[in-house]
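Here's a quick briefing to read with the model open beside you.

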Amino acid sequence: MLRLLTIEFYKLKHSRSSKVLSIAYFVILSFIALIASIEFNIGDIQVRIADQGIFNFPFIWHFNTWVAATLKFFLAIVIVSMISNEYSNRTLKQNLIDGLSKKEFILSKFYTVVAFSLLSTVFILIMTLILGYSFSDYTEFSIVTREMEFLVAYFLKLVGFFSFCLFLGVLVKRSAFALGFLFVWWIFENITYGILRWKISENLADTVVQFFPLESMKNLINLPFQRLSFIETAANQLQADISIDYAVHWYEVAIVSVWIFIFIYTSYALLKKRDL
Amino acid sequence: MYVNSKNTLLETILTLNNLTKHYGRVKAVNDLSFTIEKGNVYGILGPNGSGKSTTLGMVLNVVNATSGNYTWFDGSDTTHNALKKVGAIIERPNFYPYMTAAQNLKLVCTIKGIDPSKIDEKLETVHLLDRKDSKFSTFSLGMKQRLAIASALLNDPEILILDEPTNGLDPQGIHQIREIIKKIASGGTTILLASHLLDEVEKVCSHVVIIRKGVKLYAGPVDELNASHGFFELRCEKHQELLKALEAHPDFASLKEENGLITAFLQNPLSAQELNRYLFDQGIVLSHLVMRKQSLEEQFLQLTSQLN
């Protein structure tokens, strides 16, 4: 396993574009901390985001993982290009001739996906602890450690999304087309949802679409803003029901895990079947 | 020469059993079987599109066989582990363009699981040591091909597989590659060379496998390729008498006449001396007598045309 990771990171290390994108990703991730400094005025009242409770434990776990997850596209480009480059440089063929098996090839890419996700998760863990201890109103250990399952959800969400990218890279062989396909798939999921909801019922639409890959990844970490105190207050005043189920459920974890398996296994099966 | 004495046990490197590859209805390789033994230099000969590259692709695990099988080193290991003991270049050289020559070779070492200490030595073999820190993308085709050979040599392979190694190179490049191949062959490394260039194969190979349209026509030593005993080129003033005398001789299979030069093909062994004496006894004095063995090209063309 270590050998496969070494091989893959060696390839990435010397590729300038991959290096730049990866570094940019982590730099931008750390900019989440800058949200603390956002201030704006509503009428005469000055609102400082950091004081609205978004950095309060345990909510901060939810908030930070959700914001960080939106940045995953940076790494998605790295993942897709690390597959498609092997095709366009025909180095995949050479790797196999040099004695890498097709299984090892896919595994080396998958391990890299896991490593990137893990790195990002650890990064978010450290950043959240720093931000939380600086701004949170509660810093008791029992509160700090509550809702840390969002970190697990975050990790899984990244692995799932990158596995999807990996699969598309293997399937389409060209990075631009693979990313385009990803976008088309996202539209497809949304249209399916829309049609089901329009023609049948919202209930059925939710039930069906939750099994789709992108939607299932999205469901792992729901939109956190409804939980903010000032939005809750506003909603109560307007008597609107915005309650959503934001918890991380076992079946959401299960659906994404199954997708990860499907993506990686299908990538392997595709590669095995193909003549290079 | 690469002669295996008959009483030593031959070490088999690669065995192909009825290997077949169909692309749709096209039969690229059909029921191909042959064996590669240690210490020989093999040439796979065939016109373009005869299935050479497909065959190599199959044994190198990048093309899936439709049916049949192959075993490396008597099947004692998995194919991808066996490939770590093989050095191979197929078609054009494939490396990471953004890495330098040395970085690319180091990656190959990691994949093969070998010590990277030989990188400099192998770069020296192919005269690229002074360019080791240049990016692969800056190399000319000839340099790329030489780097590919260096890469294939990194593990001191049991067998070196080269697919059209001189394709697309200028005469200088071709010469350089051939010199390198000869040097490697003289070191006792088993080589499998696929080519459609006959003189290339003739110059370096001891054994040939000839395929055409995916079907094996011949496999064996170059010397035994054709059971023919060569031919004579003859010229004399008494042209008609010479023809008659040759037709009467039992050792000749056929005669050909071109610009007054008679080419007589043998079906039984006959020395030039004997022929000369025979003709002299008949009162024919030759002005030109040359005995020649058929070149690989002539044999190859003869063999491949038999199928038409």
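Two strands pair if DSSP finds at least two bridges between them. Helices (H or I, at least four residues) and strands (E, at least two) are DSSP runs, numbered from the N terminus. This is a predicted model, so to speak of a local feature takes pLDDT of at least 70, side-chain atom pairs count only at pLDDT 80 or more, and totals for chains, interfaces and linings use all residues. Residues are numbered from 1 along each chain as its sequence is written, while chains are lettered from A and ligands numbered from 1 in the order in which they are written.

**The six-stranded sheet of chain B**

- One open sheet in chain B has six strands in the order E5-E6-E7-E3-E8-E9, and its pairing is mixed.
- At the edges sit strand E5 (86-89) and strand E9 (215-221) of chain B, each pairing on one side only.
- From one strand to the next, the twist averages 10 degrees (axes are lines fitted to C-alpha atoms, for helices over the stretch in contact, and angles run from 0 to 180 degrees between N-to-C directions).
- E5(B) and E6(B) pair in the parallel sense over four bridges, and Val86(B) has Ile159(B) in E6(B) as its bridge partner.

**The three-stranded sheet of chain B**

- Another open sheet has three strands in the order E2-E1-E4 (chain B), with antiparallel pairing.
- Its edge strands are strand E2 (26-37) and strand E4 (67-72) of chain B, each pairing on one side only.
- Neighbouring strands in this sheet are turned by 15 degrees against each other on average, direction ignored.
- Strand E1 (residues 12-23) of chain B pairs with E4(B) in the antiparallel sense over five bridges, and Asn17(B) has Asn69(B) in E4(B) as its bridge partner.
- Helix H1 (residues 52-59) of chain B lies across E1, E2 and E4 of chain B, running at about 120 degrees to E1(B).

**Chain B overall**

- Chain B has ten helices and 13 strands, and its C-alpha trace spans about 75 × 45 × 45 Å along its principal axes.
- Of its 308 residues, 38% count as buried.
- Among the contacts in chain B with a separation of 6 or more, 70% join residues 24 or more positions apart (a contact means C-beta atoms, placed from the backbone, within 7 Å).

**Cores**

- The largest nonpolar core has 125 residues, and Ile79(A), Phe162(A) and Leu166(A) have the most contacts inside it.
- A nonpolar core is a set of buried Ala, Val, Leu, Ile, Met, Phe, Trp, Tyr and Cys residues joined through C-beta atoms within 7 Å.
- Helix H8 (residues 149-172) of chain A gives the largest share of this core, 15 residues.
- A second, separate core of nine residues includes Phe232(B), Leu242(B), Leu246(B) and Leu279(B).

**Where the chains meet**

- 21 residues of chain A are in contact with 23 residues of chain B.
- On the chain A side, helix H1 (2-13) and helix H5 (91-97) each supply at least two residues, with H5(A) giving the largest share, six residues.

**Chain A helices**

- UniProt (unreviewed entry) places the feature "transmembrane region" at spans of chain A including 177-196 and 248-271.
- Residues 177-196 of chain A are 100% helix and 0% strand, with end C-alpha atoms 28 Å apart.
- For residues 248-271 of chain A, the ends lie 34 Å apart, C-alpha to C-alpha, and the span is 92% helix and 0% strand.

Terms used: Buried ≥ 20, exposed ≤ 12 C-beta atoms within 10 Å, placed from the backbone. Contact = placed C-beta atoms within 7 Å. UniProt positions renumbered as here; feature names shortened; annotations may be inferred.
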